[in-house]
2 protein chains.
Amino acid sequence: MKIPSSSIPRISLYYRAILSLEAVSVTSSQQLATLTGCSAAQVRKDLAYFGQFGRPGSGYNIEVLKSELKKILGIDRKWEVALVGVGNLGSALLTYRGFKTQGFSIKCAFDNDTKKVNKVKQGIRIKDIDELERTVKSKGINIAIVAVPRGAAQGVIDRLISSGIKAILNLAPIRPRVPKGIELLNIDLSIELERLTYFLRQSANPLRG
Amino acid sequence: MKIPSSSIPRISLYYRAILSLEAVSVTSSQQLATLTGCSAAQVRKDLAYFGQFGRPGSGYNIEVLKSELKKILGIDRKWEVALVGVGNLGSALLTYRGFKTQGFSIKCAFDNDTKKVNKVKQGIRIKDIDELERTVKSKGINIAIVAVPRGAAQGVIDRLISSGIKAILNLAPIRPRVPKGIELLNIDLSIELERLTYFLRQSANPLRG
């Protein structure tokens, strides 16, 4: 059975919903649905991909479900992350509290701007981009976030992969080429805005009858 | 025929691919596939949702396709955007060049930190959050980006909607409640990282045989 990749961010939502439940030991697909805005049928379907977590009619044991969802998401361990690009966006990521609560820790940050190199931000000394390969390899880091300008992104990503990075969150507005076996997620904020203007356009002036 | 919402960001990619083509007047689904990493079948299917743009065997006229894709995406006009929250992430968005090239312009920015209010960033004077309703209404702005901390997000979003905002890009790590007819997109970076660790976990130590 192939697990649709769209179910993974919903698993993240269910996990967060469970964390928000206090002083209860059992939850239900209906409760998780209410907390996440998904349907109860969707909750049951997503969870069923990964096993039998509850008994019909008696709901899900919260401690068991929490521990299983953490395993599914791979956040039953800490992950060290490399950040490339410490402009405004990269600096925002260094201060982003949401990472640490989920077990992600930015361990090193690189920039090619000599004015930024050796400055300390959020306890991280920014390194010259020339130290990328050596640092990533020696720390055995698997995940990188790329927050460099468009023109620099493909080169940086090639260097990250040759240093042993297996998974990349790319925030530069390009679609980089990566070899098979490397997980790549692109977030392009202007493409996200176009999803919104598409809907605004459709509701104001539908293209189709 | 219902258009799947997943096809919209691909339309954005095809549009960007066309912009990158120089000195040619015709393109093909195969060329757009190569440039975007989608399959040629996917390109044909996505474009077919919106009409008949090419003749079999002769490809797509680039000028026609460009103009039609802009209309579909709603970027055949300029859009003014309100930004709420001018911390690190909000500041990064103010300097983000990708918006302007697609016709998005951040017209006003709000914060509740009196140390930030009245400071000018990227030509925008940051306003007190108390001016939100009046400003958004008087400028007739439809789109907002929310980059405030978790605890403030739902309240800000309620205020934006009551001021006439129709579409929201939410970067705070919550799933806000919005009424029907309001378009909401959530980007939660730690959920995105969990999509990566899910895959790392599966490839290192599959949960299922």
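This is a predicted model: local features need pLDDT of at least 70, side-chain atom pairs count only at pLDDT 80 or more; totals for chains, interfaces and linings use all residues.
The size of an interface is often given as the accessible area lost when the parts come together. In terms of residues, 58 residues of chain B are in contact with 58 residues of chain A.

The two chains can be superposed: chain B is laid on chain A with an RMSD of 0.0 Å by a turn of 180° and a shift of 0.0 Å along the axis. The two copies are thus related as by a two-fold rotation axis. The same surface serves both copies, since 100% of the contact residues of chain B recur in chain A.

Across the interface of chain B and chain A, 18 residue pairs are found in polar contact, with both residues at pLDDT 80 or more. On the side of chain B that touches chain A, the elements that give two or more residues are helix H1 (7–19), helix H4 (62–73), helix H5 (88–95), helix H6 (97–101), strand E9 (143–146), strand E10 (167–170), strand E11 (183–186) and helix H9 (189–204) of chain B. Helix H9 of chain B gives the most to this side, with 14 residues. The residues of the side of chain B that touches chain A divide into 34 nonpolar, twelve polar and twelve charged.

Side chains of opposite charge can pair when their charged atoms come close. Over all chains the count comes to 18 salt bridges, and four salt bridges are found across the interface of chain B and chain A. A:Arg16 forms a salt bridge with B:Glu194, in which the closest N and O atoms are 3.0 Å apart. Another salt bridge joins the side chains of A:Asp76 and B:Arg201, at 3.2 Å from N to O. This pair crosses between chains, from A:Asp76 in the loop between helix H4 (62–73) and strand E4 (79–84) of chain A to B:Arg201 in helix H9 of chain B.

Within chain A, six strands form an open sheet in the order E8-E5-E4-E9-E10-E11, and the pairing is parallel. Strand E8 (127–128) and strand E11 (183–186) of chain A stand at the edges, each with a single partner strand, so one side of each is left without a neighbour in the sheet. Strand E10 (residues 167–170) of chain A pairs with E11(A) in the parallel sense over four bridges, and the bridge partner of A:Ala167 in E11(A) is A:Glu183.

An open sheet of three strands in chain A has the order E1-E3-E2, with antiparallel pairing. Here strand E1 (26–27) and strand E2 (54–55) of chain A stand at the edges, and because each has a single partner strand, one side of each is left without a neighbour in the sheet. Two bridges join E2(A) to strand E3 (residues 59–61) of chain A, the two strands running antiparallel; A:Gly54 has A:Tyr60 as its bridge partner in E3(A).

Notes:
Residues are numbered from 1 along each chain as its sequence is written. Chains are lettered from A and ligands numbered from 1 in the order in which they are written. Side-chain values use heavy atoms; hydrogens and water are left out. Two strands pair if DSSP finds at least two bridges between them. Contact means heavy atoms within 4.5 Å. A polar contact is a pair of N or O atoms within 3.5 Å; within protein, one must be able to donate a hydrogen and the other to accept it, and residues adjacent in sequence count only if both atoms are side-chain atoms. Ala, Val, Leu, Ile, Met, Phe, Trp, Tyr, Cys and Pro count as nonpolar, Asp, Glu, Lys and Arg as charged, and the others, Gly among them, as polar. Copies are superposed by least squares on the C-alpha atoms of residues with pLDDT of at least 70 in both.
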